[in-house]
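Here is a briefing for a first look. Please keep the sequence and the 3D view open while you read.

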Amino acid sequence: MTKPPHALVEASPPGPLRESDPARAAGAPPRPRAGLRPARAVLPAPDTSVRTAVPRRVLRVRGLMSCLLLLLPVAAVASVAVGAASLPMGDVWRDLVGHLSGAGRPPQVSGIDDAIIWGSRVPRTLLAMIAGAGLAVAGAVLQTVVRNPLADPYVLGVTSGASLAAVAVLTLAPAGLLGPMHLGVSAAAFTGACATLALVIALGRRHGGLAPARLVLAGVALSYLLQGATSYLQLRARPDQLSGVLFWLLGSVAGARWQDLGLPAVLVVSCTAWLLLHGRSLNALAMGEETAVLLGVRVDALRLQLLAVSAVLTAAVIAVAGGISFVGLVVPHSVRLLIGADHRALLPATALTGALFLVLADVAARTVAAPMELPLGILTAVAGTPFFLWLLRRGRAGGDS
């Protein structure tokens with residue numbers, strides 16, 4: 001006797017066929033018995049990979065920010081304590097707490113130590129933090145604007161323009177013509193950086209818009225030209241002017257003073273805050289020009305604004321710290337590899353990492369070849385060049401993308 005097809009999929013074992021069940025005898029689907037549940041389909045477990053991706057990224061961002069906020073004060077205090085004259089950590093803490101609380105120098109700290117701590121090393125450390133944050137943020141923005149992973153203020157010629165203007169004032173301007181020398185040189189460096197970027201923008205225009213590739217090529221070409229002019233002025237400099245020339249070529253925070261910190265700090269904080277407000281537009285621009293246009297971003301206007309902000313950041317730093325290389329290249333990539341490319345998290349993390357990086361580089365500059373002090377550009381180049389070469393190798397391994 002052949003079983004009906006429905007008997008192969010019954011929820012309960014088949015029983016003997018009874019005459020009182022005419023529906024079943026006619027081949028109709030069986031009715032569920034009392035006390036038995038119908039069979040339920042076993043569904044696959046839901047895929048939680050999409051839901052957990054965002055929390056994991058948020059955890060990485062929070063973890064990195066927590067580490068930076070913890071390490072930066074520790075590195076700053078260590079920077080104040082370490083130098084040609086090492087100071088006891090207890091005296092450093094007492095002097096810092098006394099000045100920050102308004103009580104002034106504590107009696108346990110001598111006047112000489114107080115002059116070293118509060119008059120020299122604290123402004124030096126703060127300037128290193130400001131300069132590192134500004135250069136790192138400028139590099140992150142420029143890499144997004146030109147869509148080139150190797151872009152930084154050096155590549156676009158901004159640093160070379162500032163250095164040329166500063167060296168020109170040091171070597172050519174008559175004494176007293178521009179007022180206090182440090183103010184005249186700083187103003188010249190700021191003007192030179194802004195003028196160079198304006199020229200790069202003019203050369204990078206194509207068919208009424210900004211072409212990222214042309215911006216990079218124009219910046220590299222101008223950078224070589226400006227470096228040649230700076231080398232010529234260096235040859236003409238007197239022996240007593242060479243130290244000032246090297247400062248602007250290699251960078252240093254050794255001569256930091258309290259009056260030098262106000263304007264750069266305000267510019268770095270305000271420019272970074274403005275960039276954070278445009279974080280979504282930066283994310284859209286990083287996805288490509290066509291995608292940004294579809295999302296309602298005015299690409300050309302945004303590029304001009306971002307380039308102007310980057311020029312202000314770079315010029316503000318170079319005007320007080322000289323030409324410090326590779327910070328704008330190394331730091332943004334390191335942070336991007338850790339937490340991704342969302343600029344709303346990338347920019348603050350990049351600023352804190354740049355500040356920490358330059359504080360540590362300044363400590364190394366004071367201690368590696370003590371009692372001689374190395375320019376910051378040497379230390380940042382030693383750290384940045386291997387990373388630059390790694391990026392090139394990684395690009396080749398990835399098909400030169």
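Helix 9 passes helix 12 in a left-handed crossing; left-handed means that the near helix is turned anticlockwise from the far one by less than a right angle, clockwise being right-handed. This is a predicted model, in which local features need pLDDT of at least 70, side-chain atom pairs count only at pLDDT 80 or more, and totals for chains, interfaces and linings use all residues. Residues are numbered from 1 along each chain as its sequence is written, and side-chain values use heavy atoms, with hydrogens and water left out.

**Helix 9 and helix 12**

- The axes of helix 9 (residues 262–277) and helix 12 (residues 299–321) come within 9 Å and cross at roughly 160 degrees.
- Helix 9 is therefore roughly antiparallel to helix 12 (angles over 145 degrees count as roughly antiparallel, under 35 as roughly parallel, 65 to 115 as roughly perpendicular and the rest as oblique).
- Axes are lines fitted to C-alpha atoms, for helices over the stretch in contact, and angles run from 0 to 180 degrees between N-to-C directions.
- Helix 9 brings Pro 264, Leu 267, Val 268, Cys 271, Trp 274 and Leu 275 to the contact (heavy atoms within 4.5 Å).
- Helix 12 answers with Gln 305, Leu 306, Val 309, Val 312, Leu 313, Ala 316 and Val 320.
- By class, this contact of helix 9 with helix 12 has 12 nonpolar, one polar and no charged residues (Ala, Val, Leu, Ile, Met, Phe, Trp, Tyr, Cys and Pro count as nonpolar, Asp, Glu, Lys and Arg as charged, and the others, Gly among them, as polar).

**Helix 5 and helix 8**

- Helix 5 (residues 158–172) and helix 8 (residues 242–250) pack at about 175 degrees, with axes 9 Å apart.
- Helix 5 and helix 8 are therefore roughly antiparallel to each other.
- Ser 163, Ala 166, Val 167, Leu 170 and Thr 171 of helix 5 touch Gly 244, Val 245, Trp 248 and Leu 249 of helix 8.
- The contact of helix 5 with helix 8 has six nonpolar, three polar and no charged residues.

**The whole protein**

- The protein has 15 helices and two strands (DSSP runs numbered from the N terminus: helices are H or I with at least four residues, strands E with at least two).
- Of its 401 residues, 44% count as buried (buried is under 20% relative accessible area, exposed over 50%, partly exposed in between, with a 1.4 Å probe and protein chains only).
- Among contacts in the protein with a separation of 6 or more, 73% join residues 24 or more positions apart.

- Gly 279, Leu 282, Asn 283, Ala 284 and Leu 285 are buried in helix 10 (residues 279–286).
- The buried residues of helix 10 pack against helix 4 (111–146), helix 9, helix 11, helix 12 and helix 14 (343–367).
- Just after helix 10, Gly 288 has a positive phi of about 125 degrees.
- Val 297 sits in the loop between helix 11 (289–294) and helix 12.
- Val 297 is buried, because its relative accessible area is 14%.
- Leaving out residues up to four places away in sequence, Val 297 touches Ser 281, Ala 284, Ala 292 and Leu 302.
- The C-alpha atoms of Val 297 and Ser 281 are 6.5 Å apart, across 16 residues along the chain.

- Thr 350 lies in helix 14 and counts as buried at 0% relative accessibility.
- Beyond neighbours within four places in sequence, Thr 350 contacts Ala 136, Val 137, Ala 140, Val 331, Pro 332 and Val 335.
- Pro 107, in the loop between helix 3 (89–100) and helix 4, counts as exposed at 76% relative accessibility.
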